[in-house]
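Please read them with the structure open.

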Amino acid sequence: MINIVLFGPPGSGKGTQAQNLITKFNLKQISTGDLFRFNIKNDTELGKQAKSYIDKGELVPDKVTIDMLIDEVKKPTDAAGFIFDGFPRTAEQTEALETIVKEHLNSEISICLALIVEDEILVERLLKRGETSGRTDDSNVEIIRNRIKEYYAKTAEVAELYKRQGKYVEVNGVGEINEISEKLYAEIEKLAPPKGKY
Ligand code: AP5
Ligand code: MG
């Protein structure tokens with residue numbers, strides 16, 4: 001199995017790049033943000049719990065997020081591995097992911113790929129998307145800046161944890177989408193393929 005943590009601040013291109021990676025390596029994407037939005041749209045109990053945090057650009061509490069992730073990982077799949085997009089976002093989630101991948105998939109995180117994009121470009125991208133996305137958290141610059149603030153306060157330290165394990169790789173997230181994908185492919189292809197295939 002190949003299990004990728006796709007990491008980076010809000011708007012760095014995690015979702016965009018995940019689309020290319022799932023096709024190239026036959027992976028299943030789990031985006032916690034997409035799962036929350038799906039639940040909000042369907043007015044589920046989980047959606048109700050998450051909405052107030054998301055609307056302010058704050059992180060949803062760890063317990064809620066981790067339980068949701070476990071449910072998703074447990075679903076049967078033919079994929080050759082997973083892309084975790086937007087998870088983990090705290091040290092507690094990072095620790096939980098290690099256990100989840102071990103217990104439910106009998107595997108481990110292969111690599112943490114971090115997309116590097118400067119803050120002003122992030123704000124620009126998200127404001128632009130907000131013109132059409134209907135995402136409440138893209139709707140004004142204060143909420144967008146709060147998402148970036150949350151990233152530095154709670155999420156940036158996740159990078160340090162993967163660095164310590166020798167699994168952290170940075171890729172420039174500015175430029176043509178397909179060129180960025182090529183750089184990500186190259187990093188994944190450097191990994192020793194476990195049991196001969198992806
Ligand atoms: P989530 O949905 O994960 O949002 P995010 O990480 O804040 O940011 P995005 O998904 O908007 O950005 P992205 O990096 O995927 O970039 P994208 O490809 O879309 O989370 C939303 C909320 O849910 C959080 O704030 C939190 O409340 C909650 N949540 C989620 N996970 C959680 C967790 N684990 N714990 C607690 N709470 C959690 O691209 C962005 C834009 O840029 C797009 O318009 C795209 O077209 C454009 N773009 C992409 N690449 C390029 C490029 N190379 N050049 C130009 N434009 C580009
Ligand atoms: Mg996303």
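Predicted model: local features only at pLDDT ≥ 70, side-chain atom pairs only at ≥ 80, totals over all residues.

1. Residues around the ligand. Ligand 1 is surrounded by 31 residues. Thr-16, Thr-32, Glu-58, Arg-89 and Arg-129 are the closest of these. Sorted by class, the shell holds 12 polar, 10 nonpolar and nine charged residues.

2. Lys-14 places a polar side-chain atom 2.8 Å from an oxygen atom of ligand 1. A polar backbone atom of Gly-11 is 2.9 Å from an oxygen atom of the ligand, and a polar backbone atom of Val-60 is 3.0 Å from a nitrogen atom of the ligand. Ligand 1 would expose 1,000 Å² if taken alone, and the protein buries 87% of that area.

3. Elements in the shell. Which elements give two or more residues to the shell around ligand 1? They are the helices α1 (14-25), α2 (32-41), α6 (119-133) and α8 (177-190). The largest share belongs to α2, which provides four residues.

4. The largest pocket. Ligand 1 sits in the largest pocket, whose volume is about 970 Å³. Its lining is made of 43 residues, and those nearest the centre of the pocket are Gly-11, Lys-14, Arg-129, Arg-135 and Arg-147.

5. Make-up of the pocket lining. The elements that contribute two or more residues to the lining of the largest pocket are α1, β2 (28-31), α2, α3 (45-56), α6, α7 (141-164) and α8. By class, the lining comprises 18 polar, 14 charged and 11 nonpolar residues.

6. The cavity. How many cavities of 30 Å³ or more does a search of the whole structure find? The search finds one. The volume of the largest cavity is about 50 Å³. Its lining consists of Val-5, Leu-6, Phe-7, Gly-8, Lys-14, Gly-86, Phe-87, Pro-88, Arg-89, Tyr-151 and Thr-155. Six of the lining residues are nonpolar, three are polar and two are charged. Both β1 (2-7) and α7 supply at least two residues to this lining, and β1 gives the most, with three. Lys-14 lines the cavity and also lines the pocket.

7. A cis peptide bond. Phe-87 and Pro-88 are joined by a cis peptide bond, with omega of about 0°. Pro-88 is placed in the loop between β3 (81-85) and α5 (91-105). Phe-87 and Pro-88 are both part of the cavity lining.

8. A positive phi. Asn-26 is not a glycine, yet its phi is positive, at about 55°. Asn-26 is in the loop between α1 and β2. Why do this point and the previous one deserve a mention? Because most residues other than glycine have a negative phi, and most peptide bonds are trans.

Conventions. Residues numbered from 1 in each chain as written. Chains lettered and ligands numbered in written order. Heavy atoms only, no water. Near = heavy atom within 4 Å. Polar contact = N/O pair within 3.5 Å; in protein donor to acceptor, adjacent residues only side chain to side chain. Areas by Shrake-Rupley, 256 points an atom, 1.4 Å probe, with all protein chains shown as cover. 1 Å grid on protein atoms, 1.4 Å probe; cavity = no way out; pocket = protein on both sides within 12 Å on 5 of 7 lines; lining within 4 Å. Sits in = over half its atoms within 2 Å of the grid points. Nonpolar A, V, L, I, M, F, W, Y, C, P; charged D, E, K, R; others polar. Points joined across faces, edges and corners; volume = space filled by probe spheres on them.
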